[in-house]
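Hi,

Here is the structure I promised to pass on. Have a look at it first, and then read on for what turned up.

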Amino acid sequence: MGMDTTGLAHGLFRILETGDPALAAEVVGEDFHNREAAVSPPACSIPGPAGVLASSAWMRSAFSDLRFPVLGIAGNDEQVWVRLRMQGRHTGPFVRFRDGALDQAIPPTGREIDFEQIHVLDLRDGRVVGLEAVRDDITMLGQLGVFPPAPATALRMVAWKVTGRAARAAADITARAAEAAARQPGEPAGGR
């Protein structure tokens with residue numbers, strides 16, 4: 001503990017970049033809640049550091065060289081607003097969920113993503129205990145060729161669904177996220 005609000009904000013996004021369980025234990029409160037976990041594997045909804053580690057595994061499985069450069073931070077002792085960019089290369093399936101089940105699987109495109117997000121972090125007792133985000137998902141999906149649909153990307157997504165690759169990708173990332181959620185400080189983060 002002992003981080004100021006800026007350090008907590010940077011720390012949370014460093015966890016997402018690295019999957020570092022020790023940093024998660026230091027930055028994230030046991031009652032942490034991620035409002036955005038609805039589109040994530042079920043383990044991302046687990047309260048506390050475990051859910052953040054699961055979210056990290058989910059994102060790092062889809063995007064190599066995942067980075068969250070911070071553009072600005074404002075806040076007080078109870079809440080911090082973070083404006084940042086999400087950057088990386090789409091090298092693994094990006095699987096989105098709805099109610100814990102496969103909603104959409106985007107096969108790896110090799111494309112770079114780079115788009116803005118704003119995150120509102122709730123703080124208590126020197127830890128991050130809540131997260132809400134305003135993300136530009138339309139820009140990200142455009143960069144991946146999903147919206148508007150690029151014919152090649154759309155065909156690959158349909159083929160993945162029909163052949164069962166999408167379901168296998170969802171099962172794989174669900175298992176990876178659950179494994180990351182169970183990781184203890186001192187264990188290596190793994191992932192891509």
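T153 counts as buried, because its relative accessibility is 7% and the cut-off for buried is under 20%. You'll find T153 in helix α5, which covers residues 151-163. Leaving out residues up to four places away in sequence, T153 touches R111, L144, G145 and V146. One thing to keep in mind throughout: this is a predicted model.

Next, strand β7. F115 sits in this strand, which runs over residues 112-124, and F115 is buried, with a relative accessible area of 1%. If you set aside its neighbours within four places in sequence, F115 is in contact with L84, R85, M86, D136, D137, T139, M140 and Q143. Q87 is worth a look too: F115 and Q87 are 28 residues apart in sequence, yet their C-alpha atoms are 6.9 Å apart in space.

H119 is in strand β7 as well. H119 is buried, at a relative accessible area of 6%, and its side chain makes a polar contact of 2.6 Å with the side chain of Q117.

In one of them, F13 pairs with F68 in a tilted arrangement, with 5.7 Å from centre to centre and 45° between the planes. F13 belongs to helix α1 (residues 5-18) and F68 to the loop between β2 (63-67) and β3 (70-75), so the pair ties together parts that are 55 residues apart in sequence. Both F13 and F68 are buried. Elsewhere, ring pairs link W58, F63 and F94 into a cluster.

V134 comes from strand β8 (residues 127-135) and is exposed, with a relative accessible area of 59%.

Now the charges. I found 15 salt bridges in the structure. One of them is between R124 and D31, with the closest N and O atoms 2.0 Å apart. R124 lies in strand β7 and D31 in strand β1 (residues 28-34), so this bridge ties together parts that are 93 residues apart in sequence. R124 is partly exposed at 39% relative accessibility, and D31 is partly exposed with a relative accessible area of 43%.

D65 and R67 form another salt bridge, and here the closest N and O atoms are 2.8 Å apart. D65 is exposed, with a relative accessible area of 55%, whereas R67 is partly exposed at 28%.

Then there is the bridge between the side chains of R183 and E179, at 3.8 Å from N to O. Finally, salt bridges that share partners join R35, E36, R96, E132, R135 and D137 into one network.

Happy browsing!

Terms used. Residues numbered from 1 in each chain as written. Predicted model: local features only at pLDDT ≥ 70, side-chain atom pairs only at ≥ 80, totals over all residues. Heavy atoms only, no water. Phe/Tyr/Trp six-rings, centres within 6.5 Å; stacked < 30°, edge-to-face > 60°. Helix = DSSP H or I, 4+ residues; strand = E, 2+ residues; numbered from the N terminus. Buried < 20%, exposed > 50% of the residue type's maximum accessible area, 1.4 Å probe, protein only. Contact = heavy atoms within 4.5 Å. Polar contact = N/O pair within 3.5 Å; in protein donor to acceptor, adjacent residues only side chain to side chain. Salt bridge = Lys/Arg side-chain N within 4 Å of Asp/Glu carboxyl O.
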